[in-house]
Amino acid sequence: MSLPSLMAACAIALLTAAPVLAADCTLSPVAQEGKMVSNQCKSCHVFEADKPSPNTAPNLHDVYGSMAGTRKDFAHYSAAMAAASAKGLIWTDDTLFAYLADPKIMLQTVTGDPSLKHGMFFSLRDPDQRKAVIAFLKAIKDKPACN
Ligand code: HEC
């Protein structure tokens, strides 16, 4: 292949690849709203697939559908989160909805042990914000390009 035609082929490949990548991250309106809500989480959490968990809180990119308290690069899970994980807590729409409303009460309910300390001192009172941020977490799960 001559150089100009090689360059042309590359240009075509780039032009056709770009919209595919962009489409991969198109969020539904509610997930887009959830992305805005997720700004409130960023003082502690990160959402980018390739970033390690900060010291403050676990990376949330793939948290949706996962077993609670199992992000391998986060070493500071609380006793309550570890106990809830041992009980088999999975992050679904319903469990996230309850956790984000009141992490302390939710983990107490799952573990049945009010003496265990929990670690997330933050809650989202507004149910619509909770639904939106959950839709966002669901949308980015397993999509490395979406944060
Ligand atoms: C003030 C810091 C802080 C903020 C703000 C915060 N979190 Fe957290 N979050 C934590 C900590 C710390 C943990 C670990 C809790 C534990 O071990 O009990 C956690 C745990 C979680 C988990 C469970 C993770 C896992 O690996 O099982 C989810 C889900 C979660 N947070 C979602 C959110 C969302 C969504 C927001 C924003 C709407 C948010 N958090 C805001 C500190 C925070």
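The largest nonpolar core here has 27 residues, and the ones with the most contacts inside it are Ala 84, Leu 107, Val 133, Phe 136 and Leu 137. Helix 6 gives the most, with 7 residues. Keep in mind that this is a predicted model.

**Inside the core**

- Let's pick out Phe 136, one of the residues with the most contacts inside the core.
- Leaving aside residues up to four places away in sequence, Phe 136 touches Leu 27, Ala 31, Gly 34, Lys 35 and Ser 38.

**Helix 5, side by side with its neighbours**

- Which residues of helix 5 are buried? They are Met 106, Leu 107, Val 110 and Thr 111.
- Look down the axis of helix 5 and these buried residues fall within an arc of 120°, so they line one face of the helix.
- Helix 3 and helix 4 are among the things that cover the buried residues of helix 5.

**Around the ligand**

- The ligand has 28 residues around it, and Cys 41, Cys 44, Ser 78, Met 81 and Gly 119 come nearest.
- Helix 3 and helix 4 turn up again, as each supplies at least two residues of this shell.
- How do the shell residues divide into nonpolar, polar and charged? There are 19 nonpolar, 8 polar and 1 charged.

**Phe 47, in a loop**

- You'll find Phe 47 in the loop between helix 2 and helix 3.
- Is Phe 47 buried or exposed? Phe 47 counts as buried because it has 20 other C-beta atoms within 10 Å, and the cut-off for buried is 20 or more.
- Not counting residues up to four places away in sequence, Phe 47 touches Ser 38, Leu 60, His 61, Ile 140 and Asn 147.
- Ser 38 is a contact of Phe 47, and Ser 38 is also touched by Phe 136.
- Phe 47 and Lys 141 are 94 residues apart in sequence, yet 9.9 Å apart in space, going from C-alpha to C-alpha.

**Asp 142, after helix 6**

- Asp 142 sits in the segment after helix 6.
- The phi of Asp 142 is positive, about 65°, even though this residue is not a glycine.
- Asp 142 is exposed, because it has 10 other C-beta atoms within 10 Å, and 12 or fewer counts as exposed.

Definitions and conventions. Residues numbered from 1 in each chain as written. Predicted model: local features only at pLDDT ≥ 70, side-chain atom pairs only at ≥ 80, totals over all residues. Core = buried A, V, L, I, M, F, W, Y, C linked by C-beta atoms within 7 Å. Helix = DSSP H or I, 4+ residues; strand = E, 2+ residues; numbered from the N terminus. Contact = placed C-beta atoms within 7 Å. Arc of directions from axis to C-beta. Near = placed C-beta within 6 Å. Nonpolar A, V, L, I, M, F, W, Y, C, P; charged D, E, K, R; others polar.
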